[in-house]
Amino acid sequence: TECVSGCMCPDGLVLDGSGRCIPKDQCPCVHGGHFYKPGETIKVDCNTCTCNKRQWNCTDHPCKGTCTVYGNGHYMSFDGEKFDFLGDCDYILAQDFCPNNMDAGTFRIVIQNNACGKSPSICSLKITLIFESSEIRLLEGRIQEIATDPGAEKNYKVDLRGGYIVIETNQGMNFMWDQKTTVVVHVAPSFQGKVCGLCGDFDGRSRNDFTTRGQSVEMSIQEFGNSWKITSTCSNINVTDPCADQPFKSALGQKHCSIIKSSIFEACHSKVNPIPYYESCISDFCGCDSVGDCECFCTSVAAYSRSCSRAGVCVDWRTPAICPVFCDYYN
């Protein structure tokens with residue numbers, strides 16, 4: 001009814017959010033809070049998405065599965081399910097000797113947690129990889145290869161890359177260990193639905209990831225984890241919050257771990273939720289033997305950084321003061 005001051009676009013044009021008027025077919029696409037022009041592309045896992053008329057058109061390639069274990073029993077399954085599980089036994093992390101795999105099995109990864117002195121926190125892992133004709137044992141940076149069938153051809157190769165021990169099989173299973181508490185397992189798309197263990201079954205659905213060795217889906221994470229024990233004689237662990245009776249350490253952990261929620265990782269926050277990693281970081285910090293031991297803290301931040309990297313955001317967060325890595329030494 002009256003004139004109203006302000007700006008509007010001529011007929012046939014629309015505002016682009018930056019004060020400019022554009023044709024409707026030039027409207028941007030949105031991903032992770034960012035705007036992309038028509039024709040621009042982004043990477044999501046192993047697929048490429050192209051912006052076209054406000055819609056993303058994505059390729060549909062099957063992607064490899066990634067399972068990560070880090071710090072004080074933090075797991076992320078092949079299908080993206082996050083959970084915490086602590087145990088004092090040998091557990092099957094991942095294998096393809098499974099009821100849902102019609103082919104002959106090719107690998108089994110068994111991990112054992114080594115506690116830090118008298119505390120329940122994990123300081124390192126003892127790992128055994130079992131293949132068709134050999135066995136590899138890893139402990140405190142040592143690699144022991146045992147041939148179970150000396151005449152058979154090796155179907156894997158062992159490599160040292162920086163601070164990581166890397167083992168790759170011909171079938172498409174890649175294993176990485178930082179020689180402390182972080183393990184990353186990659187499996188090729190051909191393993192989809194054919195694996196089992198603590199890492200889940202890689203069938204694209206996270207709701208059935210807590211499938212026990214007896215093929216039932218468990219609601220209790222502790223029961224699910226215990227079902228993957230190699231021997232049933234060792235005891236189950238009741239997990240308690242390490243920060244509960246250490247308010248000083250908890251406050252210090254919050255201060256250190258806040259880097260995960262800070263502007264340093266800002267570009268990643270919209271793609272990977274930082275809160276679970278932040279909470280794991282504080283819990284691990286409280287579980288460390290001494291306040292000066294920053295290994296637990298560094299492992300948690302590195303886990304978030306790795307997830308960001310997989311989401312396409314590379315963050316340069318390490319400094320001489322914060323978790324330095326001496327690349328010159330490894331090179």
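A total of 13 aromatic pairs was computed for the structure, a pair being defined as two rings of Phe, Tyr or Trp (its six-membered ring) whose centres lie within 6.5 Å, with planes under 30 degrees apart classed as stacked, over 60 as edge-to-face and the rest as tilted. The model is predicted, so that local features require pLDDT of at least 70 and side-chain atom pairs count only at pLDDT 80 or more, whereas totals for chains, interfaces and linings use all residues. Residues are numbered from 1 along each chain as its sequence is written, and side-chain values use heavy atoms, with hydrogens and water left out.

One of the pairs is formed by Tyr36 and Trp56, in an edge-to-face arrangement with 5.5 Å centre to centre and 65 degrees between the planes. This pair links distant parts of the chain, 20 residues apart: Tyr36 belongs to strand 4 (residues 34-36) and Trp56 to strand 7 (residues 55-58). Helices (H or I, at least four residues) and strands (E, at least two) are DSSP runs, numbered from the N terminus. Tyr36 is buried at 15% relative accessibility, while Trp56, at 22%, is partly exposed; buried denotes under 20% relative accessible area, exposed over 50% and partly exposed in between (1.4 Å probe, protein chains only).

Tyr277 and Tyr304 form a tilted pair, with 5.1 Å between centres and 50 degrees between planes. Because Tyr277 lies in helix 4 (residues 275-287) and Tyr304 in helix 5 (residues 295-310), the pair ties together parts 27 residues apart in sequence. Tyr277 is buried at 3% relative accessible area, and Tyr304 is buried at 0%.
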